Amino acid sequence: MTDTEHTTAAGGLSAVTTERDGIRVISLEGEIDHHNGPVLQQALQASADRGPRVVIDLRGVQFMDSSGINLLLAAHHDLTKAGGWLRLAAPTPAALRPIQLVGIDAVIECHPTLPHALHP
């Protein structure tokens, strides 16, 4: 892993961004909602600027609403357009439920663990 970046919202979402084998990994902890969405958006933008391959580690997410879904879709679109990809790793039940309800798992690769997402 190289250069780690931390972003935290007062409302309870933190994002730690690292790099593994040229893939940016954004590890989230807390709630992804309208108030905390800018934390995820900032981490995604910083990652996209450094390379088009991004994995979002969701194992620390306790809640996600439609604003999180919208951010994931926008990031997927932007990264794919840049010749890369977005993958989701280790979603908690709280994150997996909205992902499956909306059908995001049919659009964005969703893996059971971080190692699976890094090396499918």
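How are helix 1 and helix 2 oriented to each other? They are roughly parallel (the word used for angles under 35 degrees), because their packing angle is about 10 degrees.

A word on the basis: this is a predicted model, where local features need pLDDT of at least 70 and side-chain atom pairs pLDDT 80 or more, while totals for chains, interfaces and linings use all residues. Residues are numbered from 1 along each chain as its sequence is written, and side-chain values use heavy atoms, without hydrogens and water.

The chain holds four helices and six strands (DSSP runs: H or I of at least four residues, E of at least two). Their order from the N terminus is β-β-β-α-β-α-β-α-β-α.

Now to the helix pair, whose axes, lines fitted to C-alpha atoms over the stretch in contact, lie 11 Å apart. Here are the residues that meet, with contact meaning heavy atoms within 4.5 Å:

| Helix | Residues | Contacting residues |
|---|---|---|
| Helix 1 | 37–50 | Gly37, Leu40, Gln41, Leu44, Ala48 |
| Helix 2 | 66–81 | Leu71, Ala75, Leu79 |

Elsewhere, the charged end of Arg87 sits over the ring of Trp85, 3.6 Å from its centre; the rule asks for CZ of Arg within 6 Å of the ring centre and within 35 degrees of the ring normal.

Finally, the C-alpha trace spans about 30 × 30 × 25 Å along its principal axes.

Methods
Axes are lines fitted to C-alpha atoms, for helices over the stretch in contact, and angles run from 0 to 180 degrees between N-to-C directions. Angles under 35 degrees count as roughly parallel, over 145 as roughly antiparallel, 65 to 115 as roughly perpendicular and the rest as oblique.
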